[in-house]
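These are my notebook entries on one protein model. I record below what I looked up and what I found.

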Amino acid sequence: MMKTFIITLITFFAMTIPCYASHFTFLAKDETSVTFMYNDDIHVSGELYQFYTVTRDFKNETDVVLGIIANNRTKTYVFYSGAIETADGHRFQSKGDPVVRTFQANSVVDRAIKIIDGRINS
């Protein structure tokens, strides 16, 4: 119950303050989910970015946390960790996978990198 309340508050603040809500930064929203970047564990080394995204899926009542390492020069990324919490409170974790993916302009990964760069350069 408390978790649902907290997620609802985060979602509310994300909609009223489009870029920043406490320890999370709003990245994207669609009909069934909302995605944030976790602000407290971001690392940058040259063109490599390490950060976490948190996605709340309202339809399935799940939370998905993904650890991402992205290369802004090659526009590629990998998931180095992942976790999902189901509606009944069960948590499952993974160590990520070796699949190298590409990201496009205005994707969640691209938005996160632009936000991080904006903080570094300001």
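Which residues is Thr35 in contact with, leaving aside its neighbours within four places in sequence? I found Thr25, Phe26, Leu27, Ala28, Thr53, Val54, Thr55 and Val108, where contact means heavy atoms within 4.5 Å.

Basis of the entries. I worked from a predicted model, in which local features need pLDDT of at least 70, side-chain atom pairs count only at pLDDT 80 or more, and totals for chains, interfaces and linings use all residues. I number residues from 1 along each chain as its sequence is written, and side-chain values use heavy atoms, with hydrogens and water left out.

Entry on Thr35. I located Thr35 in strand β2. Thr35 is buried because its relative accessible area is 9%; buried means under 20%, exposed over 50% and partly exposed in between, with a 1.4 Å probe and protein chains only. I also noted a polar contact of 3.0 Å between the side chains of Thr35 and Thr55. A polar contact is a pair of N or O atoms within 3.5 Å; within protein, one must be able to donate a hydrogen and the other to accept it, and residues adjacent in sequence count only if both atoms are side-chain atoms.

Entry on the whole chain. I listed two helices and seven strands, in the order α-β-β-β-β-β-β-β-α from the N terminus. Helices (H or I, at least four residues) and strands (E, at least two) are DSSP runs, numbered from the N terminus. Of the 122 residues, 35% are buried. Among contacts with a separation of 6 or more, 35% join residues 24 or more positions apart.

Entry on aromatic pairs. Rings of Phe, Tyr and Trp (its six-membered ring) pair if their centres lie within 6.5 Å; planes under 30 degrees apart count as stacked, over 60 as edge-to-face and the rest as tilted. The pair of Phe24 and Tyr38 is tilted because the planes stand at 55°, with ring centres 5.4 Å apart. This pair links distant parts of the chain, since Phe24 lies in strand β1 (residues 24–29) and Tyr38 in strand β2 (residues 33–45), 14 residues apart. Phe24 is buried at 19%, whereas Tyr38 is partly exposed at 29%. I then examined Tyr77 and Phe79, an edge-to-face pair at 5.5 Å centre to centre and 80° between the planes. Tyr77 is buried at 14%, and Phe79 is buried at 16%. Finally, I recorded one aromatic cluster formed by Phe24, Phe26, Phe36 and Tyr38.
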